Each structure stands twice: as C-alpha cells, then as structure tokens.
Amino acid sequence: MRSNPSGGLWKAVSITALLSTLLLLFGFGYSVKDMLWPQQGTYVGEDLSAKPPERSKLGQSKEILITAIGDSLTKGTGDATGEGYVKQLIPLLKEKFNIPVRLNNNLALNGMRADQLANNLGKEKGIRYSLSQANLIVFTIGGNDLFQIATGQSASEATGELNMEKLKKELPVGLARLERVIKELNEINPNAQIVYVGMYNPFYDLKGLREGSLEVQKWNQQAYEMIYNYPNMTMVPTFDLFEKSTERYLSSDHFHPNNEGYAQIAARIVQSLE
Amino acid sequence: MDRLLPLIQNETLKIWKKKRFYVVILVLLVLIPIFTYAQMKISENNAKNFKDWRNQLVQQINDMQNALSSDRIPEEWKRFRRIAVQQLQYYLDQNVNPNSPDGVTFTREFMSNSVTLFYPLLVLAIASDLVSGERSTGTIKMLLTRPVRRWKILFSKLVALTLYVSLIVIASGILCYLISGAFFGYGGWNMPIFTGFLINGATVDSTYVHAVPQWLYMLMQSGLIWFSSMTVAVLALMVSVLVRSTAASIVTMMAAVIAGTILSSMSSSWESAKYVFAVNLQLTDYLQGSPPPIEGMTLTFSLITLALWAVGALIVSFRVFTKQDILN
C-alpha cells in the first residue's frame, strides 16, 4: 500500500473504532449473560430513615413541614382548583406563625380504607420516611370504611349502595382499623403534631340517610377517645359544616367538599394548632 | 491477490472525508445541551418542591397509584404504571435514587431514550449512501472495474460501517457525559443500578434483582444499543444497495424506524407486530426491567428477531450487489 497523508488518520480512526467495538461487544456479551443467567444478589444499602423533628411547639419550630396522609378528602377530591384542605393550610399557617411552611408530601390515595392505610404505614418505607420528617401530620380516614363506596362516583350511585344496617355493622370494624392507624402514626413519629379531621355525613339532606349522622357521631366520639390518649394528637370536627350548608360546601358529587368546604376544614385545623 | 485491509481502509477514509461523522458529532453537540437544559429545569423544579429525592419519589409513586385507581385509564397503560410503581418502590426501599442528578445518570438515560429513534438516525447518516452514493456520483463504475471481487468491496463497506457504528455509540456517550457533567457534575460512576426485574403480567418479581455499579451498567447498555444500531446499519446497507438514490434510501429506512416506534406504542392488540425489527430495537428496556411493548417479547426473542433481520439483509445485499448489472 502506498503511503499517503491519510495514514495517520486511518490509524487513529481504525484503532479507536476497533477498541470501541471490542468494548461494546464485551458490554453486549456481559449484559446478555447477566440477563439470561441472572445471579441473585443482595444489595445492602443505607437504611431509609430520617431524623425525627424535635419535640417543640409548632409555633416555636424553625419550619413547619407537613405530611398529609389518608383518603380522597386529604387528596382534595372535589376541589376544582386541586388544592384541597392541605394546600390551603400553607398560607394560613404562614400567617399565623410567621415561619416558613412547606408541604413535605401529600400521600393520600383516593378510595383508601383505614385497614389499607394501617398496612401501608406498617410496611411502606417511603411513607414512614416522609411521616417521620414532618412536624405536622394531617390525616383523614374512615369515610371509605363506613360508606363502602368508591370515590369519584356520583351521588346517586353512592346512595344506592348505602343502607343503615350496613353502616351500623361497619362502625366497630372501621374503628378497630382506625385504632391501628393511630398507633402506627404514633410509633412512626411521636414528636409531630398530628391532626385527625373528623367525619361528616354527606347525606344529611337526603331522606332516609339523615340518621347516618348518628353513626358518624358515634365514630367521631370513639375516634376522639383514641386520640385523647396522645397529647400530641388533635381531632378537628367537621360534621356541622355539612348539615345546613351542603349546597355551599359540598362539591357536585355530593360526597366530597368543594374548594370552599376545604377552606373551612383548613381554617379549623389552623385554629387547633399552637 | 487482493487483500481486504486496504479496501477497508479506503472505505473508512471515504466515509471520513465525506464528513458524515462530523455531521453526527454536530447533531450531538446541538441536541445534548438542549436536553441537558430541559433536565436541569426539571431538577430545579423538583428541588424547589421537595425536601429531598425520597420525598419526590414517594410523591411520584403516590401520584401513579392515584392514577391507577381511576377507571378512566386504559388497562394497558395501567400495566406499565403498575410495574413502574413496583420498581420505584424497590429503589426507594433500598434507599437508592433512580434519578440521581449527575452526568453519568443523565448520560445513561439519554442513551437509553435514544435507542429507537435517535441512534438509528445517526447511523443512517452514515449508512444510507454507502452504495447508493457511489451510484449517484458514478464512482461505482470505477470501484467495480477494479480487479477486486465484488463481495470484497461490499464486505469492506460493511466493516467500515461497523467501525463507525461503534464510534457513534462511544462518541455519543462521551459527549453526553462531558456536556451534561458540566451542569450536573461528573460523578455517579459507582452508583448502584438495579437490574434483573422479572415481569409476570402486572407484577414484578424481584428474586433476581441485583445491583450493578453504574459504569458497568453503562457498558452493558451501550453493548445492547450497539446491537440495535448494527441491525439498523445492516438494513440500511441493504436498502442502499437496492435503491438508487440516497434520499430514497434515507426515507425508506426512517419510515421503517418511525413505523416501528409508533407500532410499539399501540400494537398491544396486534401481536404479530413483534416480528417487525423496529419494534425490537429498545433492548435497553429489558436491562432496565421495563415491560416490552408487546406481551410475550423477551430479550432472547428480540435478539433473535433482530439477528434474523440482519442476516436476511446481509444475504440480500451480497446477492444483489454481486449479481447486479451496473448500467447508466
């Protein structure tokens, strides 16, 4: 071969390319081997745990860090703006305490029942992590246990399934689940202020379902007895908001609050905190 | 006796002198900063909204779960999400950040996302006019009148093409690392990446999951990308033998590749689409543990399908090239 000025270029290109090809072939072979004959491996990483906040009054802490958990009420279903009570808490808390407020996570799930929540609190490391960081935890749960209806359904479908006998039967089951939730929460983060938003009867204005309010009141009563045992926990009542003012505070699904309804819940939570 | 090496050298230098590789580099130099910038905006937004990546990840999982509970969402979409949720959960449980903001992670994701469209495009920039280009300039006659067997000419073109495909894969990785590293930092080589997720329907079996350091994962992934790209390259070589004009050759191949990506996003109901080569290009999905576009596709299946297409293309290319009359 005649020597030409391209000799150097050829050498550079060919050697680089050849080495690249060999490297890639090795990578290809290795990945095929690794996938077709996988080896069990154990990965030991750092444990997922956060330093819990110091036990202090909310107003005296450097920053309020909120983790919200529970069902669709905490998610904010029904609020056309998507805020729910959780997001509306932030400006109210800022105003009251004059310190930075941050929503750590809103981990509510639509349709969540208390037993599911208790299970998740027990095993989901990510949820535990987020809860243990917070110095304010807000939660709602129980609505799906009692009314046994999926969220997002229309009122007619929802009421169609509801009967009072069933509601009475579900009450003790649901309360036992709630107790598990409260215990788990206290175990995960005993230092945070924990607010439970009480239950209301969305069907107060519907014939034949008005007496559901009595069951809801029993729920609230017994829930309060559980929460009473923990000095850092508070329960905020909401039942009165949705009796006369269903038009004003309930969304079109006749089950979830609307933006204004959530604003009232948020205001009550802030009133209860110090 | 005509030796092969000078022919290969000739072909390699011809491609280089046609400045096709410069075009590839130029495209990378323009596109990578754009994606880097977009990623930077996302990271900034996340940093603003979340205390750390675990909060972001746990929120991401929660959002997906909320979407899963909606009846309005098609079942097919849910299957992907359910699997994604379980994998993210696995990362979270092991306290490993799957989207760590560093140059190596960005490069890994960029390469993995590029395998079905962007790499084929870059490969086509080089492969499409290998033979058809010689036709349009007329140099094919000079090439074929030399006392060299025709198969050797095509073979030398194939070898040169292989070399450039390797260069494209490696160069894209290096460029991406250098550019994105300037923004995200040059670390992340030893971060663990989990591989070996087995997907059964909508559940993920993590029995065989093991951690691979990211540098090794990158190497494995690049190898798979190279295999996909080689299949495209060989098919493009065939098209360039069959079609006279370079433009037609590029359009044909691009059409096939694009059709493949569209098919893989909608062909869950048309199962035979899995035999189309372009549906199988996303080999990196198997490594990552993402579900394949069509149920029943496995790594072995995709590798064999791609290999059969490539072998078929080679047979056609060599037969046609050695027999064909050069008129004009």
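How many residues does the contact take from chain A, and how many from chain B? The answer is 43 residues from chain A and 46 residues from chain B. Please keep in mind, as you look at the structure above, that this is a predicted model.

Let us start with the side of chain A that touches chain B. Three elements of chain A, namely α1 (7–36), β2 (101–106) and α5, each supply at least two of its residues. The largest share comes from α1(A), with 19 residues. Sorted by class, this side of chain A has 19 nonpolar, 19 polar and five charged residues.

Chain A also comes with a domain assignment, which gives domain 1 as 7–39 and domain 2 as 58–272. Taken over C-alpha atoms, the centres of these two domains of chain A are separated by 58 Å.

Now for chain B. Its secondary structure comes to 13 helices and four strands. The C-alpha trace of chain B spans about 70 × 45 × 30 Å along its principal axes. For 328 residues, a compact globule would have a radius of gyration near 20 Å, and the 22 Å of chain B agrees with that.

| Helix pair | Packing angle | Distance between axes |
|---|---|---|
| α5 (125–133) of chain A and α3 (53–68) of chain B | about 125° | 10 Å |
| α10 (214–242) of chain B and α13 (299–323) of chain B | about 25° | 9 Å |

Take the pair between the chains. With an angle of about 125°, α5(A) is oblique to α3(B). The crossing in which α5(A) passes α3(B) is left-handed. On the α5(A) side the contact is made by A:G126, A:I127, A:Y129 and A:S130, and on the α3(B) side by B:R54, B:N55, B:L57, B:V58 and B:I61. The residues of this contact of α5(A) with α3(B) comprise five nonpolar, three polar and one charged.

How do α10(B) and α13(B) lie relative to each other, roughly parallel or roughly perpendicular? They pack at about 25°, and are therefore roughly parallel to each other. The crossing of α10(B) and α13(B) is left-handed. Residues of α10(B) in this contact include B:F227, B:M230, B:V234, B:L237 and B:L242, while those of α13(B) include B:L306, B:W309, B:A313, B:V316 and B:F321. By class, the contact of α10(B) with α13(B) has 16 nonpolar, three polar and no charged residues.

Key
Residues are numbered from 1 along each chain as its sequence is written. Chains are lettered from A and ligands numbered from 1 in the order in which they are written. This is a predicted model: local features need pLDDT of at least 70, side-chain atom pairs count only at pLDDT 80 or more; totals for chains, interfaces and linings use all residues. Axes are lines fitted to C-alpha atoms, for helices over the stretch in contact, and angles run from 0 to 180 degrees between N-to-C directions. Angles under 35 degrees count as roughly parallel, over 145 as roughly antiparallel, 65 to 115 as roughly perpendicular and the rest as oblique. A crossing is left-handed if the near helix is turned anticlockwise from the far one by less than a right angle, and right-handed if clockwise. Two residues are in contact if their C-beta atoms, placed from the backbone, lie within 7 Å. Ala, Val, Leu, Ile, Met, Phe, Trp, Tyr, Cys and Pro count as nonpolar, Asp, Glu, Lys and Arg as charged, and the others, Gly among them, as polar. Domain bounds come from an automatic or database domain assignment. The radius of gyration is taken over C-alpha atoms; the globule rule is 2.2 Å times the number of residues to the power 0.38.
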